[in-house]
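Have the viewer open as you read.

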Protein chains: 2
Amino acid sequence: MSDSAAQQNGNYRLWMQRALNLALRGKGYVSPNPMVGCVIVSKDGNIIGEGYHERYGKAHAEVNAVQSVENRELLKNATVVVTLEPCSHTGKTPPCADMLAELPIARVVIAMKDPHPSVNGKGIKKLKAADIEVITGVLQKEAEKLNETWLHALELGRPFVTLKIAQTADGYIAAPNGDSKWISCEESRKLVHRWRSEDDAVMVGRNTALHDNPSLTVRLVEGRQPKRVVIDGPFELPRHLNLLSDQYEEKTIVITHNREKWEKESDPMLKMLQSNYFRGEVIHAEKSGGHVRLKDALRKLHDNGIHSLLVEGGRDLSSALVRAGLVDRLRLFISPKLLGGGTKSISGLNVQRMEDIVPFRDFKWEQSGSDMLLTANL
Amino acid sequence: MSDSAAQQNGNYRLWMQRALNLALRGKGYVSPNPMVGCVIVSKDGNIIGEGYHERYGKAHAEVNAVQSVENRELLKNATVVVTLEPCSHTGKTPPCADMLAELPIARVVIAMKDPHPSVNGKGIKKLKAADIEVITGVLQKEAEKLNETWLHALELGRPFVTLKIAQTADGYIAAPNGDSKWISCEESRKLVHRWRSEDDAVMVGRNTALHDNPSLTVRLVEGRQPKRVVIDGPFELPRHLNLLSDQYEEKTIVITHNREKWEKESDPMLKMLQSNYFRGEVIHAEKSGGHVRLKDALRKLHDNGIHSLLVEGGRDLSSALVRAGLVDRLRLFISPKLLGGGTKSISGLNVQRMEDIVPFRDFKWEQSGSDMLLTANL
């Protein structure tokens, strides 16, 4: 690599880092889209435009960046630096690749290809066809990390699942009387509310919904309210529960294996006939061993645009997800308390011997207020 | 306080800190005595002698410090700085207060009084009677912290009890097949061996002795071998177990509630008649609910010179000690693994509600290799 080429490469990385930082501002607001950031650099190396994908359904990063350029003359021979391959299909907005192809720019620098079947190289092809130089792979790893959950969901056809558990030092999530308020400290609970605001949905099981009556709202921090998923196999939870009756009722998704009830709820006419009908969504999933088949439930959620899911379930849902290999990330709060009895955090993994333990792919320990937080990738 | 008085006070603290550092070198070797350090400072402010209590039964810190002074002339009007009130009684060595009283020194600076009934101010009295100025309370808190376990044992008439547990992130100490090798990482196991070498004794219950057949030796670090205590109510553990037959057999103490067997073991004649007699010690303790009464067992250990005890128990012994309020410090290793079944770390604390949890007096989290270590004072 010549000196000037090396320097140019260094510039690309610098500008891409800026674009990645911009992209991150969309966190929690763009799903099921990926986060994307874009920087436009004039031919003499000055940043003349910036933009990012701010909200699902709104303009893409490239459009925002181009619109931010005040002196359109400077677009001549400019370089567009973008964290993801520009789209080539008309979705909620027209294709960005077409828009860029019509500009007098010299090149587009891209961190990573868009693996989505509707793009997957077609954006790059369009740019090249318009005689625009295309450079790919700049800070690719960082870009993949940024949209880890989105990539993961695309690949597996189910949401990226984070399992959050708050337990005592001796591994209990509730006292013998069923009470769990509060195992973890306020800092930890705030962190959970932050995570809620960043994922597409929060999920609990039937028992937790019934006994703890959680509202799963974002209260301790500012942020957008995610969808709320409750798994209720027979579809029999009482309507007065917070999840089924509060101000966010329409953001609640009930997953049931009861086809009859589901059909009734899915027919707008039949639904309206009920005096106090449920305003949320009802999804049907297969039944397996008397319960909702979790793998199918996750697939259905993915089909409904949920790409990242925070599970705040009790012991049974947590254990079932771990057992089925459906947890991608564990977030385990351990509080400096002893209960010596009550509800265990995880059980029934069918591990018999030490050698059978499935090691975490990686993990880290972090203090969270008075608690310890173990984050592990499974 | 005048400027020169303030400066003198600063000097005392400086010298006392040095004496405390010296004292610490005796850790693991002086129990059931406390750790003591001593510094001697000439009238023009130079340290002319240093010493510490190196080993139980050997010379006290003051004696070692005085003996280290090369030019005895310099003792005239010197200041003796010592972390604990000099002793006033003849024990394994003659009283230090008498020895100091005969020196031409000007003053003795003391961190803390010796609360042992045989001293408790008498040492200070002797020094004053010899017209030596006595200053007390310099770095007193630090000195109390240094000999925390010794003070504690003196106060409660039982050893300072540290309970060590190594569990998985979900709170299991053994897999369903009973195996626990190894829950914690090598760094953590090394730490445990270090603690063994620092406490007077290591204790396990009957089940652990039987199923894990531990040797409780100091192998992963260099250090002295502590006594090994096994609670065996009926006194029926098989003789081939490591604790009862290896090279450290004489360092093993069996605690039993079986008076008949105990009497047989305690009679040297009867003992010799056995073909393969146990060379360790046997202690009798009261029976309570079919088990050895732990409070009595600890009292008897204290009477036998054991002032600090590391419990490496299984679930039953650990839980019983916590339940009885007999644990002073918890050392809980949490390893980043999930078992989802097996033996719980602690159970049966009779806590029913969150409000009934007994909070730790204080605690800290520290990483130990890949594990997390929770240290809590109960």
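**Starting at Ser42(B)**

Leaving out residues up to four places away in sequence, Ser42(B) touches Ile48(B), Leu74(B) and Ala78(B), where contact means heavy atoms within 4.5 Å. Before going on, some housekeeping: this is a predicted model, in which local features need pLDDT of at least 70 and side-chain atom pairs count only at pLDDT 80 or more, while totals for chains, interfaces and linings use all residues. Residues are numbered from 1 along each chain as its sequence is written, chains are lettered from A and ligands numbered from 1 in the order in which they are written, and side-chain values use heavy atoms, with hydrogens and water left out.

Back to the serine. Ser42(B) is found in the loop between β1 (37–41) and β2 (47–52) of chain B; helices (H or I, at least four residues) and strands (E, at least two) are DSSP runs, numbered from the N terminus. Ser42(B) counts as buried because its relative accessibility is 5%. For that label, buried means under 20% relative accessible area, exposed over 50%, and partly exposed in between (1.4 Å probe, protein chains only). The side chain of Ser42(B) also makes a polar contact with the side chain of Asp44(B), at 2.4 Å. A polar contact here is a pair of N or O atoms within 3.5 Å; within protein, one must be able to donate a hydrogen and the other to accept it, and residues adjacent in sequence count only if both atoms are side-chain atoms.

Now hop over to chain A. The unreviewed UniProt entry has a "domain: CMP/dCMP-type deaminase" annotation that covers residues 10–126 of chain A. That span is 29% helix and 20% strand, and its end C-alpha atoms lie 26 Å apart. Under "active site", the unreviewed UniProt entry lists Glu62(A). Take both with some care: UniProt positions are given in the numbering used here, feature names are shortened, and annotations may be inferred rather than shown by experiment.

Where does Glu62(A) lie? Look in helix α2 (residues 61–68) of chain A. Glu62(A) has 4% relative accessibility, so this residue counts as buried. Apart from neighbours within four places in sequence, Glu62(A) is in contact with several residues, including Cys38(A), Cys87(A) and Cys96(A).

**Salt bridges inside the chains**

Over all chains, a search of the whole structure finds 42 salt bridges, each being a side-chain nitrogen of Lys or Arg within 4 Å of a carboxyl oxygen of Asp or Glu. Arg158(A) forms one with Asp328(A), with the closest N and O atoms 2.9 Å apart. This pair links distant parts of the chain, 170 residues apart: Arg158(A) sits in the loop between α6 (148–156) and β6 (160–168) of chain A, and Asp328(A) in the loop between α13 (315–323) and β15 of chain A. Arg158(A) and Asp328(A) are both buried.

Glu281(A) and Lys227(A) also meet through their side chains in a salt bridge (3.6 Å, N to O). Glu281(A) is in strand β11 (residues 281–284) of chain A and Lys227(A) in strand β9 (residues 227–231) of chain A, so the pair ties together parts 54 residues apart in sequence. Glu281(A), at 27% relative accessibility, counts as partly exposed, and so does Lys227(A), with a relative accessible area of 32%.

For a local example, Lys300(B) forms a salt bridge with Asp296(B), the closest N and O atoms being 3.0 Å apart. Lys300(B) and Asp296(B) are separated by about one helical turn because they are four residues apart in helix α12 (residues 294–303) of chain B.

**Where the two chains meet**

Finally, zoom out. A rotation of 180 degrees with 0.2 Å of shift along its axis superposes chain A on chain B (RMSD 0.2 Å), fitting by least squares on the C-alpha atoms of residues with pLDDT of at least 70 in both. That is the relation of a two-fold axis. In chain A, the C-alpha nearest the axis belongs to Gly171(A), 2.3 Å from it.

The contact takes 43 residues from chain A and 43 residues from chain B. 100% of the interface residues of chain A are also interface residues in chain B, so the copies meet through the same surface. Between them, chain A and chain B bury about 3300 Å², 69% of it on carbon and sulfur atoms; buried area is the accessible area (1.4 Å probe) that two parts lose on being put together, summed over both. Leu338(A), Met354(A) and Trp365(A) supply 23% of the area that chain A buries against chain B, more than any other three residues. Across this interface the rule finds zero salt bridges, but 14 residue pairs in polar contact (both at pLDDT 80 or more).
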